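I opened my notebook to look through a new structure, one topic at a time. Have a look along with me.

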Amino acid sequence: MVVTPAPWFSPMALTAASITAGFIALFDALRWLRANGRIVSIPLKNQIAAVSVGKVAGAPMLDLCYEEDSTAEVDANLVMTGAGDFIELQGTGEGGSFSYTELAQIIDLGWSGISEIQQRQREILALSEEERELFEKCR
């Protein structure tokens, strides 16, 4: 059996989506454990999210679809904390090399995407005041 991803998803985008959604699921599970007396506090040090980012047709691009990823000159995965620290930075020059300036553009674009995703994570989780303070300490 051969499983191929839907044509609009790149493997890197699927990884990023899994990490981002996994954080929401983890936080929700920890919240349930705390509410049911199984743990005293939510034992997270930071919020995390991930994006795929790259350079396609000479331009930095966020959240590459399969077609974009397959033709990208540079593709990268960024996993970052709410404070903007890296958990993972993986990038590849698909057809050759890329410059420090191009890498900085990719990282900046990726961070802007991750910041937006993390805001949406907080909205989805409908954080209490105490939970919001946990995330504020992380930044």
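Before I start, one term: I call two residues in contact when they have heavy atoms within 4.5 Å of each other. I also keep in mind that this is a predicted model.

**Entry 1: Leu44 and its core.** I looked up Leu44 and skipped its neighbours within four places in sequence. Which residues is Leu44 in contact with beyond those? I found Phe23, Leu26, Phe27, Leu30 and Leu134. Then I turned to the largest nonpolar core, which has ten residues. Leu44 belongs to this core, and so do Phe23, Phe27, Leu30 and Leu134. H1 gives the largest share, four residues. Apart from this core I noted another one of nine residues, including Ala49, Val51, Ala76 and Met80. I wrote a reminder beside this: in soluble globular proteins, nonpolar side chains tend to be buried together.

**Entry 2: a hairpin.** Next I followed strand E1 (residues 48-56) and strand E2 (residues 59-62), which pair in the antiparallel sense over four bridges. Lys55 stands opposite Pro60 in E2. The two strands form a hairpin with two residues between them. In the turn, I spotted Ala57 with a positive phi of about 50 degrees.

**Entry 3: Glu94.** Where does Glu94 sit? I found Glu94 in the loop between strand E4 (86-93) and helix H3 (100-125). Its relative accessible area is 45%, so I put Glu94 down as partly exposed. Glu94 and Val74 are 20 residues apart in sequence, yet their C-alpha atoms are 5.6 Å apart in space. Leaving aside neighbours within four places in sequence, Glu94 is in contact with Ala72, Glu73 and Asp75.

Definitions and conventions
Residues are numbered from 1 along each chain as its sequence is written. This is a predicted model: local features need pLDDT of at least 70, side-chain atom pairs count only at pLDDT 80 or more; totals for chains, interfaces and linings use all residues. Side-chain values use heavy atoms; hydrogens and water are left out. A nonpolar core is a set of buried Ala, Val, Leu, Ile, Met, Phe, Trp, Tyr and Cys residues joined through side-chain atoms within 4.5 Å. Buried means under 20% relative accessible area, exposed over 50%, partly exposed in between (1.4 Å probe, protein chains only). Two strands pair if DSSP finds at least two bridges between them.
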